[in-house]
Amino acid sequence: MAELIVSVSGVRGIIGETLTPEIALRFGQALGYLLRQNAPSSAVNVALGRDSRISGPMLAGAMAAGLLSTGVNVTDLGIATTPTIALMGRFLKAQAAVVITASHNPGQYNGIKFLRHDGIAMPAEAIAQLHQLFKTESFACQSVEKLGLLTTDSRSHAHHVQTVLAHIDAKPIAANRYKVVLDSINGAGCIASPMLLGKLGAELIHINASADGRFAHTPEPTKENLTGLCQEVKARRAHVGFAQDPDADRLAIVDEHGTYIGEEYTLALATLARLSVKPGTVVANLSTSRLVDDIAARHNCRVLRTPVGEANVAARMIAENAVIGGEGNGGVIDLRIGPVRDSLLGMALILDLLARTNKTISQLVAELPRYAMIKEKFTCTRAQADALVARAKTAFSDGKVDTQDGARIDWPQGWVHVRPSNTEPIARIIAESTDEATARELIARVDRLRSDN
Ligand code: MG
């Protein structure tokens with residue numbers, strides 16, 4: 001049977017198999033214990049929310065019980081997007097936030113994501129510490145006068161929408177009355193997204209719009225899963241189609257012809273929107289397309305690269321005072337909103353770009369370089385993955401080598417990134433070039449190193 005996955009992203013498993021209410025309860029106790037240890041004499045508060053999964057109330061209830069039993073107060077936010085919960089944790093001055101979500105995984109999965117007081121994912125050391133406590137500690141229930149208190153807060157969606165709108169010029173967008181088709185996959189994005197798009201004057205056609213966790217298609221917002229959205233955009237003659245994943249931190253875009261433009265274009269177009277207003281530093285992970293470099297170069301701005309993982313991007317953005325950043329899989333971060341990937345922010349920036357340029361999505365895409373990106377993964381041990389990375393560093397010394405996360409090698413004609421996964425016993429190879437044949441050849445060069453044992 002598969003094991004519960006405990007990684008830098010938190011905990012993830014299959015309901016009834018690897019993930020049960022007992023596990024959520026124990027992680028709640030472990031988190032409460034840790035937070036109480038760090039602040040023995042003052043009140044400790046945790047903001048708790050969930051995506052729309054059917055197993056969400058069960059796990060959130062167990063998590064709340066664990067926290068309350070250790071004397072930690074819990075503010076239950078109910079169903080909300082991951083960025084919404086991160087923002088509310090900060091707004092409520094909570095010591096931590098917890099999101100019950102399995103992000104883009106199918107409905108039988110769920111998970112627990114732990115956020116720090118500022119909304120950034122907890123560092124790997126803190127997760128390891130929690131896991132250790134989870135495995136070894138026996139937790140006592142506090143006496144009744146020391147139990148934590150449970151409250152609810154219904155302001156989260158409005159707070160998130162207002163935070164985004166505070167940094168977007170809504171009037172010129174609203175004047176265009178954009179027709180938008182949004183596929184929220186019956187996920188957490190169903191609630192705040194229409195509020196935001198309403199404020200931006202959009203004529204919204206909202207599909208998969210009930211936050212009931214019954215995912216209408218495979219949830220990852222990739223091309224093969226969004227045929228329904230593409231058809232709807234075309235049939236309704238909409239200006240743009242948006243798709244969210246179940247916890248609404250990722251965003252994918254469909255152009256006005258009903259064509260899925262690829263997730264890499266989400267951060268690219270958001271970067272274009274932001275830099276045209278405020279030139280500055282851009283941060284992206286090492287597996288993100290060169291599109292962001294091309295756009296930054298147009299504005300004489302620099303791009304800094306980080307290891308894969310939202311927290312790595314956010315930390316670098318803060319350190320460098322970056323104006324925009326994110327990950328190529330549709331995750332856009334603007335620190336003025338929060339240090340998390342946010343599909344609401346993404347939608348607002350894309351509509352802002354449409355209004356600012358008076359162009360269509362397909363025109364904006366056509367003005368950018370076109371790249372072919374190829375992704376491959378294979379099963380191996382961590383030691384085998386590390387050995388491959390070491391070989392790549394030596395074999396490709398003719399390129400520019402970045403060793404922050406595995407090895408990424410850049411040549412004028414393209415790049416390849418080889419890295420061990422942090423969550424699974426696999427290695428990933430990603431290559432990008434202006435043509436598919438070259439990208440395939442870059443992957444093949446790494447593959448050849450695998451057989452050079
Ligand atoms: Mg997600």
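Predicted model: local features only at pLDDT ≥ 70, side-chain atom pairs only at ≥ 80, totals over all residues.
Residues are numbered from 1 along each chain as its sequence is written, and side-chain values use heavy atoms, with hydrogens and water left out.

**Stop 1: the whole chain**

Show the chain as a cartoon. It has 15 helices and 20 strands; these are DSSP runs numbered from the N terminus, helices being H or I of at least four residues and strands E of at least two. The radius of gyration, taken over C-alpha atoms, is 22 Å, close to the 22 Å that the globule rule gives for 453 residues, so the chain is as compact as a globular protein of that length. That rule is 2.2 Å times the number of residues to the power 0.38. The C-alpha trace spans about 65 × 60 × 40 Å along its principal axes.

Now colour by burial. Of the 453 residues, 57% count as buried. Buried means under 20% relative accessible area, exposed over 50%, and partly exposed in between, with a 1.4 Å probe and protein chains only.

**Stop 2: the magnesium ion**

Select the magnesium ion. Its protein donors are Ser 103 (OG), Asp 245 (OD), Asp 247 (OD) and Asp 249 (OD), at 2.0 to 2.2 Å. Donors here are N, O and S atoms within 2.8 Å of the metal (3.2 Å for Na, K and Ca); water is not among the atoms, so sites may look incomplete. The donor spacing in sequence is S-x141-D-x1-D-x1-D.

Keep Ser 103 and Asp 247 selected. They link distant parts of the chain, 144 residues apart. Ser 103 sits in the loop between strand 5 (96-100) and strand 6 (109-116). Asp 247 sits in the loop between strand 10 (240-244) and strand 11 (251-254). Both are buried.

**Stop 3: Arg 116**

Move to Arg 116 in strand 6. Is Arg 116 buried or partly exposed? Arg 116 is partly exposed, because its relative accessibility is 31%. Beyond four places in sequence, Arg 116 contacts Gln 95, Ala 96, Ala 97, Ala 121, Met 122 and Pro 123.

**Stop 4: Thr 75**

Finish at Thr 75, in strand 4 (residues 73-79). Thr 75 is buried, at 13% relative accessible area. Leaving out residues up to four places away, Thr 75 touches Val 46, Ala 47, Leu 48, Leu 92, Thr 151, Thr 152 and Asp 153.

Key
Contact = heavy atoms within 4.5 Å.
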